[in-house]
Amino acid sequence: MDALIAVLAGDGIGAEVTAEAVRALEKIGLRFAHRFVFESALVGGAAIDASGDPLPPATLSLARRADAVLLGAVGGPKWSDPHASVRPEQGLLKLRKELGLFANLRPVVPHPAVLEASPIKSELLRGVDIMVVRELTGGLYFGKKTRTATGASDLCEYSVTEIERVVRLAAGLARGRRKKLTSVDKANVLETSRLWRMTVDRIMPGEFPDVTFEHMLVDSAAMHLLHRPRDFDVIVTENMFGDILTDEASVLAGSLGLLPSASLGGGTRGGVFEPIHGSAPDIAGRGIANPYAAILSAAMLLRYSLRLETEAKAVEKAVHQAIASGALTADISAAAKPLTTRAAADAVLTAL
Ligand code: IPM
Ligand code: MN
């Protein structure tokens, strides 16, 4: 197949890890005879530096034209002044909103070879396989914001339609897995959560009678996620809760550097694929970042945007083998000399 892939490396370690994801995709292209064309553009702080705009029009139009977007990370101390009126993160949020990417899939599957990289007891981690579906274009992130010298506010809003579409997508995923959906909210306090809960209660029994569902308050979910992670199959939740719970869930996998994500809209084409980790300014430019989250995001790109399941599985298997063979970067390695970003990615390419 022919496919145009937009590469938006962004800031910090974004460039280092996306370069490795591109190499993995090139290798897949060779092996399976696909023509992937890569086109790069600026986003985030890098784009602010170049043009003052964290999502320049050229970047957005490339993202719209592309069959899929591979993204690195945005942000960094250089652009974090609370007085600043433009921020790198606005570029990412606008991209998600403009492309209508309302569902963010974040799989959490601890690799058996690096269970010790997690502070959680290994016996609790064995068999954990969670898919978190985070609502991505609503809630606190996109509500009206105000700030004066004496106060500030962020409005949290959800419409029934916004809740329905992400819950349906999550329930559909659960149907293809262990058929269990946990909807996470804060219905004891928030009106948006009460609407969320009512909507789940309405949709699930009628449309997904084969999927068991439960409600869980977010504070309680934060605890159960570490105490009994095996009990979760698909989790669906609103934007901010999903952001927080998935950083927490990365502790189960041993490192943020291992978790990929797929941001999807209603259609079959398009989508943004990015590691859930940030730009990690503390280690940027040193070639030591973990490339696996970016490479696994490329696998999700193959699966969800290009519909190349065999190729997606090949990439995932290669990363699995690389980790099993001990190709570990500093974040997951106990060795005195952990692998560099390039060397870890090379292990994946060899396996491919
Ligand atoms: C993520 C990131 C972003 C988010 C930031 C960079 C805006 O933390 O993708 O999880 O909060 O969505
Ligand atoms: Mn986050």
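**Pocket, ligand and cavity in a predicted model**

The largest pocket has a volume of about 950 Å³. A pocket here is an open set of points, on a 1 Å grid over the protein atoms alone, with protein on both sides within 12 Å along at least five of seven lines. Its volume is the space filled by probe spheres set on the points, which are joined across faces, edges and corners. The model is predicted, so local features need pLDDT of at least 70 and side-chain atom pairs count only at pLDDT 80 or more, while totals for chains, interfaces and linings use all residues. Residues are numbered from 1 along each chain as its sequence is written, ligands are numbered from 1 in the order in which they are written, and side-chain values use heavy atoms, without hydrogens or water.

The largest pocket is lined by 31 residues, and Arg87, Glu89, Gln90, Leu93 and Tyr141 are the closest to its centre; a lining residue has an atom within 4 Å of a point. Two or more lining residues come from each of helix H4 (88-98), strand E6 (145-147), strand E7 (152-154) and helix H9 (239-253). H4 gives the largest share, 6 residues. Helices (H or I, at least four residues) and strands (E, at least two) are DSSP runs, numbered from the N terminus. By class, the lining holds 13 nonpolar, 6 polar and 12 charged residues. Ala, Val, Leu, Ile, Met, Phe, Trp, Tyr, Cys and Pro count as nonpolar, Asp, Glu, Lys and Arg as charged, and the others, Gly among them, as polar.

Ligand 1 takes up the space of the largest pocket, by the criterion that more than half of its atoms lie within 2 Å of the grid points. Around ligand 1 are Glu89, Arg96, Arg106, Arg134, Tyr141 and Asp243, each with a heavy atom within 4 Å of the ligand. This shell consists of 5 charged residues and 1 nonpolar residue, with no polar one.

About 50 Å³ of space lies in the largest cavity. Its lining includes Cys156, Tyr158, Trp196 and Phe241, and helix H7 (191-207) supplies the largest share, 3 residues.

Definitions and conventions: On a 1 Å grid over the protein atoms alone, a cavity is a set of points where a 1.4 Å probe fits but cannot get out, and a pocket is an open set with protein on both sides within 12 Å along at least five of seven lines; lining residues have an atom within 4 Å of a point.
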